[in-house]
Amino acid sequence: MFGLFKTPPFHDSLLGEFSRSRGHWRGAIALDGTSNVPLVLSGTRAGPDEHAIVMARSLTSAFASWRPTIEAELFEHFSPYAEALAAGQLPVPAEQFPSINTPSQVWPHVSLVFASVTPLDGELTFEVGYTTAWDIEHMLGARFQTSKFIELCGSVVPP
């Protein structure tokens, strides 16, 4: 009886299958060498937003151009933690604190958790979410609109 109200899955020839859950369409994407990254798209019960699908299809190729910006922003986020630890202002972590001296060195110390194409301030926005080895309390979200970097949000929740 409860299956009667269930929204049927949506299939995209490039992105694969999506199911509707908690108000969004959910699937997966291979991104930055990580397969099965959860991908969330906005839309209605009838299906994902057409523009969100188009944007999601471009995500893999767009990500390559975003990578330098993301690593610079992650490094900028890391620096105050390293400085505070060196100054004795943070407790010594249980695990070894990462040694990162340049932006390109952040990648072994972050994990890609999700990607989404959802509205932010009325405009469809790409967001890629990361956990980091230096900030275990927050998930960070790198946000882009029309391939232009907006911000690295310091505390996001996957949609």
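Which residue lies over the face of Trp107? Arg67 does, at 4.1 Å from the ring centre; a charge is taken to sit over a ring if NZ of Lys or CZ of Arg is within 6 Å of the ring centre and within 35 degrees of the ring normal.

1. Basis of the note. This is a predicted model, in which local features need pLDDT of at least 70 and side-chain atom pairs count only at pLDDT 80 or more, while totals for chains, interfaces and linings use all residues. Residues are numbered from 1 along each chain as its sequence is written, and side-chain values use heavy atoms, with hydrogens and water left out.

2. Helix H2. Helices (H or I, at least four residues) and strands (E, at least two) are DSSP runs, numbered from the N terminus. Helix H2 covers residues 59-86, and its 28 residues should span 40 Å at 1.5 Å a residue; the end C-alpha atoms are 38 Å apart, which agrees. The expected span is 1.5 Å times one less than the number of residues. A kink of about 50 degrees lies at Trp66, shortly before the proline Pro68; the bend at a residue is the angle between axes fitted to the seven residues ending there and the seven starting there. Just after H2, Gly88 takes a positive phi of about 75 degrees.

3. Burial along H2. The buried residues of H2 include Leu59, Trp66, Ile70, Leu74 and Phe78. Here buried means under 20% relative accessible area, exposed over 50%, and partly exposed in between (1.4 Å probe, protein chains only).

4. Aromatic pairs. Across the whole structure, a search finds eight aromatic pairs. Rings of Phe, Tyr and Trp (its six-membered ring) pair if their centres lie within 6.5 Å; planes under 30 degrees apart count as stacked, over 60 as edge-to-face and the rest as tilted. Phe10 and Trp25 form an edge-to-face pair, because their ring centres are 6.4 Å apart and their planes are at 65 degrees. Phe10 lies in strand S1 (residues 10-12) and Trp25 in strand S3 (residues 24-31), so this pair ties together parts that are 15 residues apart in sequence. Phe10 is partly exposed at 23% relative accessibility, whereas Trp25 is buried at 1%.

5. The rings of Phe78 and Phe97 are stacked, since their centres are 5.5 Å apart and their planes at 20 degrees. Phe78 belongs to helix H2 and Phe97 to the loop between H2 and strand S7 (110-120), 19 residues apart. Phe78 is buried at 3% relative accessibility, and Phe97 is buried at 18%. Ring pairs also link Trp66, Phe126, Phe144 and Phe149 into a cluster.

6. Nonpolar core. The largest nonpolar core has 37 residues, and those with the most contacts inside it are Leu31, Leu39, Leu41, Ile70, Leu74 and Val128. Such a core is a set of buried Ala, Val, Leu, Ile, Met, Phe, Trp, Tyr and Cys residues joined through side-chain atoms within 4.5 Å. H2 gives the most to this core, with eight residues. Leu74 touches, among others, Val106, Trp107, Val110 and Leu152, not counting residues up to four places away in sequence; contact means heavy atoms within 4.5 Å.

7. Backbone points to check. Asn36, in strand S4, has a positive phi near 60 degrees and is exposed, with a relative accessible area of 62%. Thr146 has a positive phi of about 50 degrees although it is not a glycine. Thr146 is found in the loop between S9 and strand S10 (148-153) and is exposed at 63% relative accessibility.
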